[in-house]
Amino acid sequence: MVIPQHVAIILDGNGRWAKSKGMPRNYGHVRGAKNLEVICEDAYNMGIKYLTVYLFSTENWRRSKDEVDALMRLFRQYTKTCIKTARDNNMKVRVLGDPSALDPDLQESLRRLVESSKDNTGLNFQIAINYGSRDEIIRAVRRVAGDCREGKLRPEEITESLFSGYLDTAEVPDPDLLIRTSGEQRLSNYLLWQLAYTEFYFTEVPWPAFTKEELQKAIEKFNSRDRRYGGLKGE
């Protein structure tokens, strides 16, 4: 069985899972964070080299203040835990998105997480926080325009490959497989450039209940598909 090099996941269903258990939404987020640690280890042991997860989108700020505040407290705790996890598991962490909207202490924790793990050689783990793909592309376009204005780049030199180097995912290969949990079948402004040739897998299982066995099901489905990249079968 072919193991995808890069798997991206939209971690959906924490709140609905908690509600089904008669618990508050934040309980689902806490359990979802714990499950992420487990799946990271499972993914690496299965041979996945890159794992990218959607933790908090630019649109998530529209949620209730109580829920956003609870998520930010959880992220503070998670980033501190992740520093130790990354060290113990040789995991290299990158952050996708615009951290400038986050509180200074959380920005610093994320910076420390990235810096402390930059030389690790195990799983490449990308955290998308305050991330939106349209925002990412606009920020990249502004950097390209700035380099053109300063004479560092000529417009005719711009290619897909060059532009990819201005995105948050520079030096990270595009995902082979996207998984979205909890039944929704949309991309929610996630990695729109990078998912151009990615296989999609949607499951009804909410994120806190997503297991190694569910990950294996997604990879088996990935293996059953004919990846032609725009060509005709047999070419």
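This is a predicted model: local features need pLDDT of at least 70, side-chain atom pairs count only at pLDDT 80 or more; totals for chains, interfaces and linings use all residues.
Trainee: What is the volume of the second largest pocket?

Mentor: That volume is about 180 Å³. Here 13 residues form the lining, and E160, S164, D174, W193 and Q194 are the closest to the centre. By class, six of the lining residues are nonpolar, four are polar and three are charged.

Trainee: Now the fold. How many helices and strands does the protein have?

Mentor: There are seven helices and six strands. In sequence order they run β-α-α-β-α-β-α-β-α-α-β-β-α. The radius of gyration is 18 Å, close to the 18 Å that the globule rule gives for 235 residues, so the protein is as compact as a globular protein of that length.

Trainee: What does the C-alpha trace span along its principal axes?

Mentor: The spans are about 60 × 50 × 35 Å.

Trainee: How should I read burial and contacts for the whole chain?

Mentor: A residue counts as buried when its relative accessible area is under 20%. By that cut-off, 47% of the 235 residues are buried. The protein exposes about 12500 Å², and carbon and sulfur atoms supply 48% of that area. For contacts, take pairs of residues at least 6 apart in sequence: 75% of these contacts join residues at least 24 apart.

Trainee: Let me try single residues. Is T79 buried or exposed?

Mentor: T79 is buried, because its relative accessible area is 3%, which is under the 20% cut-off. T79 sits in helix α3. Leaving out residues up to four places away in sequence, T79 touches L106, S109, L110 and L113.

Trainee: T85 is found in helix α3 as well. Which residues does T85 touch, not counting those up to four places away in sequence?

Mentor: T85 touches E37 and M91. With E37, the sequence separation is 48 residues, while the C-alpha atoms are 8.2 Å apart in space.

Trainee: Where is K212, and which residues is it in contact with beyond its sequence neighbours?

Mentor: K212 is in helix α7, which covers residues 212–223. Setting aside neighbours within four places in sequence, K212 is in contact with I39, D42 and M46. Its relative accessible area is 34%, so K212 is partly exposed; that class lies between the 20% and 50% cut-offs. From V68, K212 is 144 residues away in sequence and 29 Å away in space, C-alpha to C-alpha.

Trainee: Is the charged residue R139 buried or exposed?

Mentor: R139 is buried, because its relative accessible area is 14%. Its place is in helix α5, residues 133–149. Apart from neighbours within four places in sequence, R139 is in contact with G97, D98 and D168.

Trainee: Last, the backbone. What is the phi of N130?

Mentor: N130 has a positive phi of about 50°, although it is not a glycine. The residue lies in strand β4, residues 124–131. N130 counts as buried because its relative accessibility is 5%.

Trainee: And where is N189?

Mentor: N189 is in the loop between β5 (177–180) and β6 (199–202). N189 also has a positive phi, about 60°, and is not a glycine. At 14% relative accessibility, N189 counts as buried.

Methods: Residues are numbered from 1 along each chain as its sequence is written. Side-chain values use heavy atoms; hydrogens and water are left out. On a 1 Å grid over the protein atoms alone, a cavity is a set of points where a 1.4 Å probe fits but cannot get out, and a pocket is an open set with protein on both sides within 12 Å along at least five of seven lines; lining residues have an atom within 4 Å of a point. Grid points are joined across faces, edges and corners, and a volume is the space filled by probe spheres set on the points. Ala, Val, Leu, Ile, Met, Phe, Trp, Tyr, Cys and Pro count as nonpolar, Asp, Glu, Lys and Arg as charged, and the others, Gly among them, as polar. Helices (H or I, at least four residues) and strands (E, at least two) are DSSP runs, numbered from the N terminus. The radius of gyration is taken over C-alpha atoms; the globule rule is 2.2 Å times the number of residues to the power 0.38. Buried means under 20% relative accessible area, exposed over 50%, partly exposed in between (1.4 Å probe, protein chains only). Contact means heavy atoms within 4.5 Å. Accessible areas come from the Shrake-Rupley method with a 1.4 Å probe; for residues, only the protein chains shown count as cover.
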